[in-house]
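Dear colleague,

I am passing on the structure we spoke of, shown just below.

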Amino acid sequence: MRTPPRARTALTALFAAAALAVTAVGCGSAAEEAGGGSPSKEGNNGAGQKGGVTVSHLKGSTTLKAPAEKVVALEWTYAEDLLALGVSPAGVADVKGYGQWVTGGPRFGADVKDVGTRQAPSLETIKALKPDLIITSKVRSEANYEQLNKIAPTLMFDPYSTDSEYEEMRATLKKIGTAVGKPEAADTALKDLDAKIAAAKQKLDAAGKSGSEVTVARGYTTDGAAVVEILTDSTIPGGLLPQLGLKNAWKGKADAYGMSKVDIESLKPVEKSSLAYVAAKDDDVFATSLPKNALWQNLDFAKNKRVHALDPGTWFFGGPFSTAQVADEIASALTP
């Protein structure tokens, strides 16, 4: 997974209906196999039903005797997916970090157990929870998958495996919906997401921004130097821009996670676009160190005030709540 951003509070009106459904460093290029799994021969997979379910994932397929009720999520994306399905996870890796960086959607209840870091979760803590299901990502758990699978059936996904992290997010949400016996909830969450994207597009259209070019970035400081990463078409923001009636100005080569790490000079080809970025409040290189650079000062978007800070808690690599927040934040930034 991509390193987390050194990143506006959750959009209350935007997510109020979703919040009622539950009691809630980063990521890259994406789309795993589409589809939400299927009922096994043992029974049905409808919400509230007790039949077995089979879910396909990176390690093949996993059959559960009944939809999982006690789930541990070792990746923030999948913890968010559970919340979107109305399921409170039993355990989540780095609960505090989630609260800081992933501000779209509802919050975890006090009973959700922190099972350690995403990079090195505590197997003992996970085992003590006696989960029915563990959900993780390849980049985090390739090495200890078998250990996790001995604790409980484990689904592993890879959000960076193909060309569209946006489509992978949708497909994986449906699979998790099947695993927890809530396929209808997954469909509803995606319909809600589509409605929010449509509302953001309408806002942009009404402001005459349709067809505008946008560059989406994140930035942070490493070893005293500013680091800028541009989100390519394969990322969730890249997948959202066309749906918002916008164009991704950046055509650079993506790394394994769907981003391009650039220097200031490399931004010259996209200087006529609007730059929308995420950075932490205490490490906003776009507002501090970069403006001191003469090359930055001469970029058209800097000179003409088209550099827009998104809420630091806008998570580019999450589930339906985060994706809706990305759409809303970009629309709001371009329509002040």
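**Helix packing**

Helices α7 and α9 (the latter residues 236-243) pack with their axes 6 Å apart, at an angle of about 100°. With 65 to 115 degrees counted as roughly perpendicular, the two helices are therefore roughly perpendicular to each other. Please bear in mind that this is a predicted model.

On the α7 side the contact is made by Glu-165, Tyr-166 and Met-169, which meet Ile-236, Gly-239, Leu-240 and Gln-243 of α9. By class, these residues are four nonpolar, two polar and one charged.

Helix α7 itself covers residues 165-179, 15 residues in total. From first C-alpha to last it reaches 21 Å, close to the 21 Å expected at 1.5 Å a residue. Of its 15 residues, 13 are buried, so α7 is largely enclosed by the rest of the structure. After the helix comes Gly-181, with a positive phi near 70°.

The other pair I looked at is α8 (residues 183-206) with α12, where the angle is about 5° and the axes are 9 Å apart. That makes the two roughly parallel. Residues of α8 in this contact include Leu-193, Ile-197, Ala-200 and Leu-204, and those of α12 include Ala-324, Ala-327, Asp-328 and Ala-331. The contact as a whole has ten nonpolar, two polar and three charged residues.

**Nonpolar cores**

The largest nonpolar core has 61 residues. Those with the most contacts inside it are Leu-82, Leu-133, Ile-135, Leu-244, Leu-246, Phe-316 and Ile-330. Helix α12, residues 320-334, gives the most to this core, with eight residues. Which residues does Ile-330 contact, leaving aside its neighbours within four places in sequence? They are Val-216, Leu-241, Leu-244, Leu-246 and Leu-310.

There is also a second, separate core, of 18 residues, with Ile-230, Trp-250, Ile-264 and Phe-301 among them. In soluble globular proteins, nonpolar side chains tend to be buried together.

**Lys-261**

Lys-261 lies in strand β12, residues 259-262. Is this residue buried or exposed? Its relative accessible area is 60%, and the cut-off for exposed is over 50%, so Lys-261 is exposed.

Regards

Technical notes
Residues numbered from 1 in each chain as written. Predicted model: local features only at pLDDT ≥ 70, side-chain atom pairs only at ≥ 80, totals over all residues. Heavy atoms only, no water. Core = buried A, V, L, I, M, F, W, Y, C linked by side-chain atoms within 4.5 Å. Buried < 20%, exposed > 50% of the residue type's maximum accessible area, 1.4 Å probe, protein only. Helix = DSSP H or I, 4+ residues; strand = E, 2+ residues; numbered from the N terminus. Contact = heavy atoms within 4.5 Å. Expected span 1.5 Å × (residues − 1). Axes fitted to C-alpha atoms, helices over the stretch in contact; angles between N-to-C directions. Parallel < 35°, antiparallel > 145°, perpendicular 65-115°, else oblique. Nonpolar A, V, L, I, M, F, W, Y, C, P; charged D, E, K, R; others polar.
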